[in-house]
Amino acid sequence: MPIYEYECRRCGGDFEKLLFPSESEEEVACPCCGAKDVRRRISCASTLTGGGKSLCGGSGATRFS
Ligand SMILES: [Zn+2]
């Protein structure tokens with residue numbers, strides 16, 4: 001299951017999204033402001049590792065609450 005990293009163009013926040021096959025990218029909305037004006041980023045965290053950590057050791061602050 002791919003995890004994509006998105007950047008919100010409205011509030012500038014970035015978040016990660018687990019994209020299920022049944023979901024289309026147009027449905028991806030920013031968890032902060034709800035805007036769908038998001039852009040997918042090239043990320044090194046596109047695959048899940050054992051502990052769910054990203055290989056790049058990113059902030060990890062983009063967890064859903
Ligand atoms: Zn936003």
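User: How many salt bridges does a search of the whole structure find?
Analyst: Six salt bridges turn up, where a salt bridge is a side-chain nitrogen of Lys or Arg within 4 Å of a carboxyl oxygen of Asp or Glu. This is a predicted model, where local features need pLDDT of at least 70 and side-chain atom pairs count only at pLDDT 80 or more, while totals for chains, interfaces and linings use all residues. Residues are numbered from 1 along each chain as its sequence is written, and side-chain values use heavy atoms, with hydrogens and water left out.
User: OK, which side chain does E5 meet?
Analyst: E5 pairs with R41, at 3.2 Å from N to O. E5 is in strand 1 (residues 3-8) and R41 in strand 3 (residues 38-41), so the contact ties together parts 36 residues apart in sequence. Strands (E, at least two residues) are DSSP runs, numbered from the N terminus.
User: Is E5 buried or exposed?
Analyst: Buried, at 15% relative accessibility. R41 is partly exposed at 32%. Buried means under 20% relative accessible area, exposed over 50%, and partly exposed in between (1.4 Å probe, protein chains only).
User: And what about R41 and E7?
Analyst: Their side chains form a salt bridge too, 4.0 Å from N to O. That pair links strand 3 with strand 1, 34 residues apart.
User: Switching topic, what does R9 meet?
Analyst: R9 meets D37 in a salt bridge at 3.6 Å, N to O. R9 sits in the loop between strand 1 and strand 2 (14-18), and D37 in the loop between strand 2 and strand 3, so parts 28 residues apart in sequence are tied together.
User: Which residues do shared partners join into one network?
Analyst: E5, E7, D14, R39 and R41.

Note on methods:
Helices (H or I, at least four residues) and strands (E, at least two) are DSSP runs, numbered from the N terminus.
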